[in-house]
Amino acid sequence: MEIGPIWRAMMRNKTGAILIALQIAVTMAIMVNAISIMQEKDRMMSRPSGLDEHNLFSIASVGFAKDFNERVTIEEDLAALRAMPGIVNAIQSNAVPLSGSGWSMGLQTEPGAEIDGTGVGLYFVDEHGLDTYGVNLLAGENFSASDVAWRERAATEWPDKTIITRAMAEAMFPDDWASALGKTVYIADTQPITITGIVEKMQGSWPGWDGFERVMLVPTHTLFGATVYLIRTEPGMRDSVMPQVEELLADRNKDRIVRSMRSMDEIRERSYRSESSMIKILTFTIVLLIAITSLGIVGLASFSVNRRTRQIGTRRALGASKLVILRYFMTENFIISLGGVLLGAALTVGLNILMIETFSLTRITWYLVPVAMLLLLAVGQIAVFGPARRASSVPPAVATRTV
Amino acid sequence: MFSYYLKLGLLSIRRNPLLSALMIAAIAIGIGACMTIITVNYVMSSNPIPTKSEQLFHVQLDSWDPNQPEDDGNFEPPDQMTYIDAMALMKAQKAYRQVASNKSSLVLEPQGDDERPFSVTSRNTWADFFPMFDLRFVHGGGWDDASDRNLERVVVLSKEINERVFGGENSIGRRVRLSGMDYQVVGVLDEFHPVPKFFDVTNGAFSDPEEIYIPFNVAVEYELPRNGNTNCWKPVDGDGIEAFLNSECAWIQFWAELRDNSEKQEYMAFINAYAEQQKELGRFPRPLNNRLNDVMEWMEDQEVVEDDARVMLGLSILFLFVCLINTIGLLLAKFLGKSGDISLRRALGASRSSLFIQHMIESGLVGLAGGVLGLGLAWLGLRGIEMLFGDFVENMVSMDWVMVLTAIGLAIVSALLAGLYPTWRACSIAPAGQLKLQ
């Protein structure tokens with residue numbers, strides 16, 4: 001290999017090589033860190049919700065008339081919904097998981113205002129709750145119809161039973177989550193509440209909260225004026241059932257309005273919109289960046305080929321084959337790119353440390369660095385191939401001509 | 001001379017169309033990406049009320065939980081206020097102006113039988129809200145203190161709602177039915193879209209302003225639903241609205257207008273004295289920690305500019321940097337490719353400084369072209385962001401003239417910086433060696 005001569009030739013014109021290497025290095029630092037951010041967003045979005053998401057939708061009902069009878073409305077709405085063909089089950093609740101709005105409380109293992117509770121997302125449901133969500137009961141039992149109370153907006157009494165998620169059980173009883181079943185814990189500092197069931201997985205209302213998977217269900221219907229129905233349909237029936245439900249509810253009672261009908265898929269999409277957009281923007285950025293860097297390589301390599309036309313011709317005249325010329329430029333680019341990716345690896349880690357400190361992002365996964373190095377080396381080789389081939393097709397006769 | 005260099009620059013750009021196009025494209029893409037993100041950050045961190053932002057103060061009282069752990073010894077008092085405290089401060093009237101407010105969702109029933117009721121968001125506030133936050137009216141005006149005191153059911157409509165309900169005509173004196181009760185229209189607002197929505201960042205710094213405004217006391221009296229964030233460190237003691245109002249739940253945004261520093265000092269002393277007095281009554285169990293932040297301080301404190309946006313800003317600046325290195329390389333290639341020309345000009349008597357100016361002008365031209373093109377790309381980028389994020393960013397994706405000038409300026413400065421080294425190299429070419437070869 002002619003690494004020696006290539007190196008010496010490069011040293012005579014360092015600037016171009018340094019610029020390319022620097023460009024590759026910064027490109028790599030941006031690329032790897034951007035991919036790392038994308039991975040983090042993707043991990044966040046791909047946490048399973050535990051719900052039968054594709055067959056769920058929600059619709060809000062807001063009473064406004066002075067004589068609006070909310071309790072009767074809810075009872076009749078639920079009866080009508082549950083009787084509707086295509087609907088598996090339906091509940092009335094205070095909020096919808098993943099929707100960004102909801103209610104949170106703290107549960108504590110000992111009573112007392114001075115004790116810090118474990119934060120938990122809370123949903124008011126009835127005995128149809130588990131079936132409507134489609135969550136899997138790991139231990140204990142479901143609520144029964146007689147457990148379900150009615151709660152006014154400014155009420156402060158809590159029922160005596162709750163079903164919690166396994167994540168909540170683990171947070172409260174770190175040694176043995178299963179031991180949570182049957183335990184009495186305290187809500188609102190001092191009110192006892194017994195854990196009568198544990199579900200495998202369910203998500204709360206706020207995807208960005210670290211207590212996202214800590215959820216408790218309480219057997220209560222709410223009389224808050226505004227309410228939301230969560231409806232589970234037979235597989236594949238959701239889209240045909242949704243408009244029927246909207247019409248049914250709107251027509252049944254003129255003292256309220258129904259609004260914000262959304263499928264669970266849409267709620268998820270809205271909730272993670274900034275994450276999924278960020279992934280798209282970063283992907284676009286990376287593609288653009290690689291394109292610019294390779295165009296830069298093409299431009300500089302072409303220039304260097306043009307400048308060395310005579311030199312190439314001389315070498316060809318002295319017996320160098322086309323392949324040797326091609327290899328010369330490919331090797332030159334490889335050396336520059338190698339320098340670039342090595343510097344890039346250092347920059348990548350540096351940038352990552354900076355981002356961890358400033359924005360508390362996660363550390364990059366180790367394999368991203370070698371993968372990015374290989375990728376950029378390959379990009380460099382592909383980019384330089386065109387100019388290198390042009391160089392190799394310089395006829396030996398050029399050497400005999402003056403420019 | 002300048003016009004001559006300009007001509008030379010244009011000629012030179014045209015002579016190597018591919019190389020020039022690459023350079024312009026690199027700058028344009030860098031500027032486009034950078035300006036897209038800078039615009040979003042600029043709007044997020046812009047001053048929503050520039051004329052008064054230093055006289056408007058968000059008031060925080062530390063009425064919070066004595067057991068609340070402090071992260072690194074610095075406890076941030078609750079961002080909202082309890083009803084007891086808000087009413088006490090309203091009653092004291094110690095600031096030039098003060099308003100407590102919160103947010104509700106109501107149902108508006110239009111008059112016509114065939115029109116369907118729809119929900120509207122309402123800001124429940126006080127008479128001072130309108131002059132304090134500089135709201136302008138198309139018709140009528142805000143209500144007065146007497147309306148606050150006498151629980152008058154009056155309403156101020158946003159321009160959009162007046163359009164929807166009354167077809168945009170002067171609706172002063174007309175009645176609007178809201179959640180089962182009639183309210184009299186006293187004012188119709190002009191456009192009012194502060195970004196960020198500084199007076200209530202707790203419930204979304206970039207959400208739309210409320211559609212109607214009604215007196216806070218009326219909302220409390222008729223127990224209208226609260227639709228903003230409510231935070232309680234202590235369970236409410238007993239059932240019913242009275243118990244809730246007397247609880248330690250924070251759900252009210254409180255702002256005071258203080259015209260100068262001495263007013264601010266006095267007000268600070270006043271709220272501290274109030275907190276001490278409450279301590280004697282057994283409330284405010286934490287050490288004294290009350291805050292007055294003006295609008296921009298409050299925006300910073302609440303980290304209105306999201307981390308994601310700042311990460312993107314950092315990455316986009318690095319991106320521009322890559323584009324610049326690219327441009328340096330290409331300019332270098334280009335200028336050194338012109339060695340012959342340069343030597344000839346030098347030999348014919350052009351001084352180094354005139355060659356320097358000539359090439360800087362050429363770089364500047366590339367920058368200008370890249371900037372203009374980049375501006376177009378930034379516009380496309382902003383449309384892209386709008387498409388991705390939807391209505392949430394509607395207020396964030398418009399460029400004002402500051403941004404346009406910044407884009408062009410940034411492009412030209414970048415190109416000049418990028419051109420510095422290649423120009424210097426080109427100017428230091430020894431003419432003799434080059435001419436010999438020809």
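Across the interface of chain A and chain B, nine residue pairs are found in polar contact, with both residues of each pair at pLDDT 80 or more. The model is a predicted one. The elements of chain A that give two or more residues to the side touching chain B are α2 (14–45), β12 (256–263), α8 (273–307) and α10 (322–359). Of these, α8(A) supplies the largest share of that side, with 18 residues.

**Interface of chain A and chain B**

- By class, the side of chain A that touches chain B comprises 27 nonpolar, twelve polar and eleven charged residues.
- In terms of contacts, 50 residues of chain A meet 51 residues of chain B.
- The size of an interface is often expressed as the accessible area lost when the parts come together.
- Here, chain A and chain B bury about 4,400 Å² between them, and 71% of this area lies on carbon and sulfur atoms.
- On the side of chain A, the residues that lose the most area to chain B are A:Phe64, A:Ile292 and A:Phe359, which together account for 14% of what that side buries.
- One salt bridge is counted between chain A and chain B.
- A salt bridge pairs the side chains of A:Lys41 and B:Asp308, with an N to O distance of 3.0 Å.

**Domains of chain A**

- The domain assignment divides chain A into domain 1 (3–46 + 274–400) and domain 2 (65–254).
- Taken over C-alpha atoms, the centres of domain 1 and domain 2 of chain A are separated by 55 Å.

**Backbone geometry**

- Most residues other than glycine have a negative phi, and most peptide bonds are trans.
- A:Ala188 has a positive phi of about 55° although it is not a glycine.
- A:Ala188 is placed in the loop between β8 (184–187) and β9 (191–199) of chain A, and A:Ala188 is buried, with a relative accessible area of 12%.
- A:Ser260, likewise a residue other than glycine, has a positive phi near 50°.
- A:Ser260 belongs to strand β12 of chain A, an element that gives two or more residues to the side of chain A touching chain B.
- A:Ser260 is partly exposed, its relative accessible area being 32%.
- In chain B, the peptide bond joining B:Val195 and B:Pro196 is cis, with omega about -5°.
- B:Pro196 lies in the loop between β8 (181–189) and β9 (212–215) of chain B.

Technical notes: Residues are numbered from 1 along each chain as its sequence is written. Chains are lettered from A and ligands numbered from 1 in the order in which they are written. This is a predicted model: local features need pLDDT of at least 70, side-chain atom pairs count only at pLDDT 80 or more; totals for chains, interfaces and linings use all residues. Side-chain values use heavy atoms; hydrogens and water are left out. Domain bounds come from an automatic or database domain assignment. Contact means heavy atoms within 4.5 Å. Buried area is the accessible area (1.4 Å probe) that two parts lose on being put together, summed over both. A salt bridge is a side-chain nitrogen of Lys or Arg within 4 Å of a carboxyl oxygen of Asp or Glu. A polar contact is a pair of N or O atoms within 3.5 Å; within protein, one must be able to donate a hydrogen and the other to accept it, and residues adjacent in sequence count only if both atoms are side-chain atoms. Helices (H or I, at least four residues) and strands (E, at least two) are DSSP runs, numbered from the N terminus. Ala, Val, Leu, Ile, Met, Phe, Trp, Tyr, Cys and Pro count as nonpolar, Asp, Glu, Lys and Arg as charged, and the others, Gly among them, as polar. Buried means under 20% relative accessible area, exposed over 50%, partly exposed in between (1.4 Å probe, protein chains only).
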